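User: Can you walk me through this model? I'd like the overall picture and then a few details.

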Amino acid sequence: CKAWMTTFLGGRMAAALIAASAMIYAPMTTFLTVFGIGGGACAVFALLPSIWEAFVNIFQKSVYLPNGKTVKAISTPSFPLGHLVSQISNPEKFIKDVLTSAEKQEGLTFSYVVNTKLLFVLDTEKISDVFSTKVTMNSDRKLGDLIPIFHMCFGESMGLIGPKRFKAHQKVYMRGLGSGAIKAYTPLIEKITRERVKGLMDSSKKSARVDTDKFFLAFASEVMMLLAFEEHMDASMLHKIAHSFADLFHKATEPMYMLNWYLALPLPEPQKVKSDIKMLHKVGEKIFNAHMKKRKDNNVTGSGRGTILDGLCEACEKNTLTKTECLHNIYGLLAGGVETTATALCHAAIMLAEHPEKQERARTEVRKVFLDGKDLTTEVLYSECPYLTAFILETLRLFPPILNAMPRILQKPMKLGDITVPSGTELNVPIWIINRNPKVFGEDAAVFRPERHIGSEELKKRLTDITDRKQNKKFNTFGGGIRACPGRKLGISEVKMMLMLLLMSYKIKCDPKLSPKELSERHWEVTAGVLKPKDTRKPLLVEGVWCSIII
């Protein structure tokens, strides 16, 4: 057991789990000694109800629906992590198992994440029902129960709140992240991108090894700070905030950090998590308080310049949102809005490096835009370079930064197609699995092939429309319906702007330090909720190209 935990969880986490097990085992043996086996077991379960709940759930192999229908689990779950063991250790097999199970059960199956039971929905039409307003506004979100770090960090942000408070939050976000706002932001995004790309490599060198994770995190952080919060920060502070949020975002969905008792232990790692959350909360509150004071000093009312921060301040002044809700939205934007964009760019850069012929085709397209003297307006960004657009779509299809759409806990019975699902069921749309479904994308669904999108009716539409599930039912990466990712337009703008300017300046190649065996293996890994590049694959080699003078 110790060897398995050390291999799977790492030395520190294994040691912590063993120590915690001992802490639980000691009182259990005491109860058994004093009260006897039966009385001791009852006392333990009474004191630790989560243990009882876990045992009941883990050994329940089916979900019973009305009209006598039954949905079986993907496979037999393991205690105490449920199906996370198979998901993380062998994601390709897990994908196959989920698709096989769902195909036999009208597009449904269920999975355990720790002791939380999730009904997976994989049928295209049933997914439309899940994303519908009717289901969304009659379902709760208690993601904080499943992922404690998210609850601690931004539990009252728009992404995690229930339907009653959603509309008040949505008004603020739509004002700061709608189409009009993105159009106004584009020149600033271009300016930040040009500066970052120019500083990527010393002009006196022909090539450089670049840590893409650090590079893209710094870029996405600067964009978010300036556009959403009008905040200028020195490079060291920006670096600290970006990496603290990224670290928290990834740790949040690692199995050990999903256990409340582990976070309560007086060990270095859990204590560091709490310390980082306090630091980030302090930064966010400082930004908010300073902006509130500036508005008061300048007699600003209403939404001011129209940034998200102005909208949050106005909502706080009018008591539409509480101060805690405003602050948690700031933390949520810094965590989700930065990390997801940076991760998407990392995946895209790795794909460019692994497929030099596709990289050259995209560069030829981009070069034509610049040689034609076109400015990088929002219209040009969205409508030009269809192959690069297809490349971005394929990257987001195969490597969505977030594995699943936000779970929806039904507050009353709801119909998915012709199946009635009972109240209390937690619905989950496993985006990363659906995006690799051969029934939807063909037998080569697991292959990176941007050409599959070329010539499609969807590709003739604007890039932002393609990523909207209303326009393209195959595309689930940003979720769907009224609670789709609110920052998708900003994220897409950042990704395409960065890739266009990178392609004009550099050839991107795989790290020469990687062995042929490492290059032949998949570049990605998963946690309970994130699909990210492996650390060994993040460094890439960049070489200057002749057209770099244009930018």
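Analyst: Below we go through the chain as a whole, then its sheets, some helices and a couple of residues.

User: Before that, what kind of model is it?

Analyst: It is a predicted model.

User: OK. How many helices and strands are there in the protein chain?

Analyst: The protein chain has 25 helices and 14 strands. It has 551 residues, and 55% of them count as buried.

User: And what share of the contacts with a separation of 6 or more comes from residues 24 or more positions apart?

Analyst: Those residues account for 74% of such contacts.

User: Let's do sheets. What is the strand order in the open sheet of 3 strands?

Analyst: The order is β6-β14-β11, and the pairing is antiparallel. At the edges are β6 (207–211) and β11 (506–510), each of which pairs on one side only. From one strand to the next, the twist averages 30 degrees.

User: How many bridges join β6 to β14?

Analyst: There are 5 bridges between β6 and β14 (residues 539–544), and the two strands run antiparallel. Within that pairing, Asp211 stands opposite Pro539 of β14, and Ala208 has Val542 of β14 as its bridge partner.

User: And the β11 side?

Analyst: β11 also pairs with β14 in the antiparallel sense, over 5 bridges. Lys509 has Leu541 in β14 as its bridge partner.

User: Which strands does α12 lie across?

Analyst: α12 lies across β6 and β14, and runs at about 70 degrees to β6. Another helix, α17, lies across β11 and β14, at about 85 degrees to β11.

User: What does the Glu222 side chain make a polar contact with?

Analyst: It joins the side chain of Arg196 in a polar contact of 2.9 Å. Leaving aside neighbours within four places in sequence, Glu222 is in contact with Ile192, Glu195, Arg196 and Leu238.

User: Back to α17. At what angle do α10 and α17 pack?

Analyst: Helix α10 (residues 163–177) and helix α17 (residues 323–354) pack at about 60 degrees, with their axes 12 Å apart. That angle makes α10 oblique to α17. The crossing of α10 past α17 is right-handed.

User: Which residues make the contact?

Analyst: On α10 they are Arg165, His169 and Tyr173, and on α17 they are Glu325, Asn329 and Leu333.

User: What about α16, how many of its residues are buried?

Analyst: Helix α16 (residues 308–317) is mostly covered, with 9 of its 10 residues buried. The buried ones are Ile308, Leu309, Asp310, Gly311, Leu312, Cys313, Glu314, Ala315 and Cys316.

User: Which helices do those buried residues pack against?

Analyst: They pack against α10, α12, α15 and α17.

User: You mentioned α15. How does Gln271 count by relative accessibility?

Analyst: Gln271 is found in helix α15 (residues 268–297). Its relative accessibility is 36%, so it counts as partly exposed, the class between buried at under 20% and exposed at over 50%.

User: What is Gln271 in contact with, apart from neighbours within four places in sequence?

Analyst: On that basis, Gln271 is in contact with Leu265 and Pro266.

User: Last topic. What is the order in the open sheet of 5 strands?

Analyst: The order there is β3-β4-β10-β7-β5, and the pairing is mixed. β3 (108–113) and β5 (139–140) are the edge strands, each pairing on one side only.

User: Which helix packs on that sheet, touching β3 and β4?

Analyst: That is α5 (residues 91–103). The direction of α5 makes about 140 degrees with that of β3, and β4 covers residues 116–121.

User: And how do β7 and β10 run relative to each other, parallel or antiparallel?

Analyst: β7 (residues 408–410) and β10 (residues 426–428) run antiparallel, joined by 2 bridges. Arg408 stands opposite Leu427 of β10.

How values were computed:
Residues numbered from 1 in each chain as written. Predicted model: local features only at pLDDT ≥ 70, side-chain atom pairs only at ≥ 80, totals over all residues. Heavy atoms only, no water. Polar contact = N/O pair within 3.5 Å; in protein donor to acceptor, adjacent residues only side chain to side chain. Contact = heavy atoms within 4.5 Å. Pairing = 2+ DSSP bridges. Helix = DSSP H or I, 4+ residues; strand = E, 2+ residues; numbered from the N terminus. Axes fitted to C-alpha atoms, helices over the stretch in contact; angles between N-to-C directions. Buried < 20%, exposed > 50% of the residue type's maximum accessible area, 1.4 Å probe, protein only. Parallel < 35°, antiparallel > 145°, perpendicular 65-115°, else oblique. Left-handed = near helix turned anticlockwise from the far one by under 90°.
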